[in-house]
Amino acid sequence: MRPRIAIPADTLTEATNIINERNAAYAPRPLIEAIVKSGGLPVIFPSVDPELIPNYLDLFDGIIFAGGSDVDPTFYGEEPHQELGSTYFKRDLFEVALVKAALEANKALMGICRGMQVINVALGGTVFQDLSEDPRQTLKHSQNAPGNFPSHHVNVKQDSRIFNLVGSRPYVNSRHHQALNQIGNDLRVTARADDQIPEAIESIDNDRVLAVQWHPENMFKHYDYSQALFADLIQRAQE
């Protein structure tokens with residue numbers, strides 16, 4: 001039996017004349033393919049009232065919080081700054097609660113880009129609403145190159161789980177304008193870009209959480225170290 005990997009869905013918020021596509025729930029196709037290739041079974045969850053989350057917990061073994069819009073700053077006690085991008089409160093409300101419930105249920109979590117930020121916020125951390133607010137930022141973190149190509153390197157701590165998956169200095173893609181600021185409870189930063197922007201976080205006391213700021217789902221077909229992140233989630237979900 002393949003382990004079931006949940007993907008909390010994004011929502012199509014663009015205007016459309018097709019009534020059945022209005023606010024449609026969806027998941028990125030490359031993410032689905034990466035899970036299947038790694039031996040998992042993807043299960044997509046639409047954003048619903050957080051009170052319904054307990055009904056989801058028996059339906060999955062591991063979960064990936066994927067990319068998307070900015071996290072509403074209300075969830076980390078801030079008002080919106082000038083450079084904040086688009087947000088979708090309903091998704092944030094669902095995913096923040098789902099992070100907490102999944103951890104309480106001892107599920108394996110993976111975060112990708114926004115997903116890393118959601119996990120951090122759910123555990124009491126904060127983000128810079130725009131990289132211009134982080135005085136360390138010097139690199140281009142929102143690449144103009146095609147999204148399936150790498151654009152900058154990442155420095156990985158040797159005493160981390162991710163070091164065994166991607167090595168000491170992987171070459172990764174980058175499509176984000178926010179970054180972690182205060183790190184959430186029970187998390188540690190295990191990889192940084194050359195300008196010290198956090199690029200990966202993990203659980204401190206267990207192996208339940210591993211999240212990255214880049215997009216391995218766009219690189220897994222051609223870069224083994226991207227595929228390794230999904231294989232690792234499958235392994236953790238089976239344990």
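Reader: Where is Cys113 found?

Author: The model is a predicted one. Strand E6 covers residues 108–112. Cys113 is found in the loop between strand E6 and H3.

Reader: What is the phi of Cys113?

Author: Cys113 is not a glycine. Even so, its phi is positive. The value is about 55 degrees.

Reader: Is Cys113 buried or exposed?

Author: Buried means under 20% relative accessible area. Cys113 has 6% relative accessibility, so Cys113 counts as buried.

Reader: Where is Asn23, which also has a positive phi?

Author: Asn23 has a phi of about 55 degrees, although Asn23 is not a glycine. Strand E2 covers 10–11 and strand E3 covers 25–26. Asn23 is found in the loop between E2 and E3.

Reader: On to the helices. At what angle do the axes of H2 and H3 cross?

Author: H2 covers residues 89–104 and H3 covers residues 114–122. Their axes come within 9 Å. The crossing angle is roughly 65 degrees.

Reader: Which word describes the orientation of H2 and H3 to each other?

Author: Angles of 65 to 115 degrees count as roughly perpendicular. The axes cross at roughly 65 degrees. H2 and H3 are therefore roughly perpendicular.

Reader: Is the crossing left-handed or right-handed?

Author: Take H2 as it passes H3. The crossing is right-handed.

Reader: How many residues of each class are in the contact of H2 with H3?

Author: From H2 come Arg91, Asp92, Glu95, Val96, Val99 and Lys100. From H3 come Arg114, Val118, Ile119 and Ala122. By class, the contact has five nonpolar, no polar and five charged residues.

Reader: How far apart in space are Gln117 and Ala200?

Author: In sequence they are 83 residues apart. In space, C-alpha to C-alpha, Gln117 and Ala200 are 10 Å apart.

Reader: What separates the C-alpha atoms of Val121 and Asn181?

Author: Val121 is in helix H3 and counts as buried at 5% relative accessibility. Not counting residues up to four places away in sequence, Val121 touches Phe75, Tyr76 and Val127. Asn181 is 60 residues from Val121 along the chain. Their C-alpha atoms are separated by 9.9 Å.

Reader: Is Gln82 buried or exposed?

Author: Gln82 lies in the loop between strand E5 (62–65) and H2. Gln82 and Gly67 are 15 residues apart in sequence and 21 Å apart in space, C-alpha to C-alpha. With 77% relative accessibility, Gln82 counts as exposed.

Reader: Now the rings. What kind of aromatic pair do Phe220 and Phe230 form?

Author: A pair of aromatic rings is described by the distance of the centres and the angle of the planes. For Phe220 and Phe230 the centres are 6.4 Å apart. The planes are 70 degrees apart, and over 60 counts as edge-to-face. The pair is edge-to-face.

Reader: How many residues apart in sequence are the parts that this pair ties together?

Author: Phe220 lies in the loop between strand E13 (209–212) and helix H5 (224–238). Phe230 lies in H5. Phe220 is buried at 4%, and Phe230 is buried at 1%. The pair ties together parts that are 10 residues apart.

Reader: Which residues form one aromatic cluster?

Author: The count of aromatic pairs comes to six. One aromatic cluster is formed by Phe45, Tyr56, Phe60 and Phe94.

Reader: Last one. What separates the C-alpha atoms of Arg2 and Gln238?

Author: Arg2 is in the segment before strand E1 (4–8). Arg2 is partly exposed, with a relative accessible area of 41%. Gln238 is 236 residues from Arg2 along the chain. Their C-alpha atoms are separated by 8.7 Å.

Notes. Residues are numbered from 1 along each chain as its sequence is written. This is a predicted model: local features need pLDDT of at least 70, side-chain atom pairs count only at pLDDT 80 or more; totals for chains, interfaces and linings use all residues. Side-chain values use heavy atoms; hydrogens and water are left out. Axes are lines fitted to C-alpha atoms, for helices over the stretch in contact, and angles run from 0 to 180 degrees between N-to-C directions. Helices (H or I, at least four residues) and strands (E, at least two) are DSSP runs, numbered from the N terminus. Angles under 35 degrees count as roughly parallel, over 145 as roughly antiparallel, 65 to 115 as roughly perpendicular and the rest as oblique. A crossing is left-handed if the near helix is turned anticlockwise from the far one by less than a right angle, and right-handed if clockwise. Contact means heavy atoms within 4.5 Å. Ala, Val, Leu, Ile, Met, Phe, Trp, Tyr, Cys and Pro count as nonpolar, Asp, Glu, Lys and Arg as charged, and the others, Gly among them, as polar. Rings of Phe, Tyr and Trp (its six-membered ring) pair if their centres lie within 6.5 Å; planes under 30 degrees apart count as stacked, over 60 as edge-to-face and the rest as tilted. Buried means under 20% relative accessible area, exposed over 50%, partly exposed in between (1.4 Å probe, protein chains only).
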